[in-house]
Amino acid sequence: MKKLLAVISILLSLTLILVSFTPVYAAEDEESKEVLESENASDFYKIKEEAGGKLEQYSEKYGSKAYGITAMVLDTVRIYSIPFCLLGIAVGAIYQYIIGIRRLDIRDRGFNLIIAFVTILVIAQVLPLIFTIVVKGWVL
């Protein structure tokens, strides 16, 4: 049952990762190339403005640009740590429950991977909260 659960979770995570990427097709005629280039330029400008807006919001919220950059980086790490750590936990589960059935050293490696990625996940999720409490102060 554990093997089946581990395989299903790995297949589900791989499917979600592959579905999240959308293909981009090149345009063949000149007119559509110009439209794509202008759309991409405006998209890049929008992304730049959004990132600048986020930095401005964090800077206003925390009172200085350095604290704003730190908060933005911690928030980005918090968001991207979830899929990374879930993938690491899945790999550790494969080592522990599928490959490690016959060899104890591989089973221990899988267990250590699971512990390491759970620790990283907890730290990445709690660190922005601790940063906010320290910078803003404990307000009741």
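Modeller: Start with a pair of charged side chains: arginine 78 and aspartate 75 form a salt bridge, with their closest N and O atoms 2.6 Å apart. Keep in mind that this is a predicted model.

Biologist: What makes the contact of arginine 78 with aspartate 75 a salt bridge?

Modeller: The cut-off is a side-chain nitrogen of Lys or Arg within 4 Å of a carboxyl oxygen of Asp or Glu. The N and O atoms of arginine 78 and aspartate 75 are 2.6 Å apart, so the pair meets the cut-off. In general, side chains of opposite charge can pair when their charged atoms come close.

Biologist: How are arginine 78 and aspartate 75 placed in helix H3?

Modeller: They are three residues apart in helix H3, so about one helical turn separates them.

Biologist: Why is arginine 78 called partly exposed?

Modeller: Its relative accessibility is 28%. Buried means under 20% and exposed means over 50%, so a value in between counts as partly exposed.

Biologist: How many salt bridges does a search of the whole structure find?

Modeller: The search finds two. One of them joins the side chains of aspartate 105 and arginine 103, at 3.2 Å from N to O. Aspartate 105 has a relative accessible area of 42% and arginine 103 has a relative accessibility of 46%, so each counts as partly exposed.

Biologist: What makes glutamine 96 buried or exposed?

Modeller: Glutamine 96 is found in helix H3. Its relative accessible area is 13%, and the limit for buried is under 20%, so glutamine 96 is buried. Leaving aside neighbours within four places in sequence, glutamine 96 is in contact with Ile101, Arg107, Gly110, Phe111 and Ile114.

Biologist: And what is the label for isoleucine 98, buried, partly exposed or exposed?

Modeller: Isoleucine 98 is also a residue of helix H3. At 31% relative accessible area, isoleucine 98 is partly exposed. Together with Val7, Leu11, Tyr97 and Ile99, it makes a nonpolar surface patch of about 400 Å². Helix H1 (2–20) and H3 are the elements that give two or more residues to the patch.

Biologist: Which residues form the largest nonpolar core?

Modeller: That core has five residues: Tyr58, Tyr62, Ala71, Leu74 and Phe131. Helix H2 (30–62) and helix H3 (65–98) are the elements that give two or more residues to it. In soluble globular proteins, nonpolar side chains tend to be buried together.

Biologist: What does tyrosine 62 touch?

Modeller: Not counting residues up to four places away in sequence, tyrosine 62 touches Tyr67, Gly68, Ala71, Phe131, Thr132, Val135 and Lys136. Two of these, Ala71 and Phe131, are listed in the core.

Biologist: Where is leucine 55, and what does it touch?

Modeller: Leucine 55 lies in helix H2. Beyond four places in sequence, leucine 55 touches Lys65, Gly68, Ile69 and Met72.

Biologist: Where is confidence lowest and where is it highest?

Modeller: Confidence is lowest in H2, at a mean of 69, and highest in helix H4 (residues 104–136), at 92. For the protein, the mean pLDDT is 80, and 77% of residues reach 70 or more.

Conventions. Residues are numbered from 1 along each chain as its sequence is written. Side-chain values use heavy atoms; hydrogens and water are left out. A nonpolar core is a set of buried Ala, Val, Leu, Ile, Met, Phe, Trp, Tyr and Cys residues joined through side-chain atoms within 4.5 Å. Buried means under 20% relative accessible area, exposed over 50%, partly exposed in between (1.4 Å probe, protein chains only). Helices (H or I, at least four residues) and strands (E, at least two) are DSSP runs, numbered from the N terminus. Contact means heavy atoms within 4.5 Å. Patches are made of residues with over 30% relative accessible area and no salt bridge: like charges are joined within 9 Å, nonpolar side chains (Val, Leu, Ile, Met, Phe, Trp, Tyr) within 5 Å. Accessible areas come from the Shrake-Rupley method with a 1.4 Å probe; for residues, only the protein chains shown count as cover. pLDDT is the predictor's confidence in each residue, from 0 to 100.
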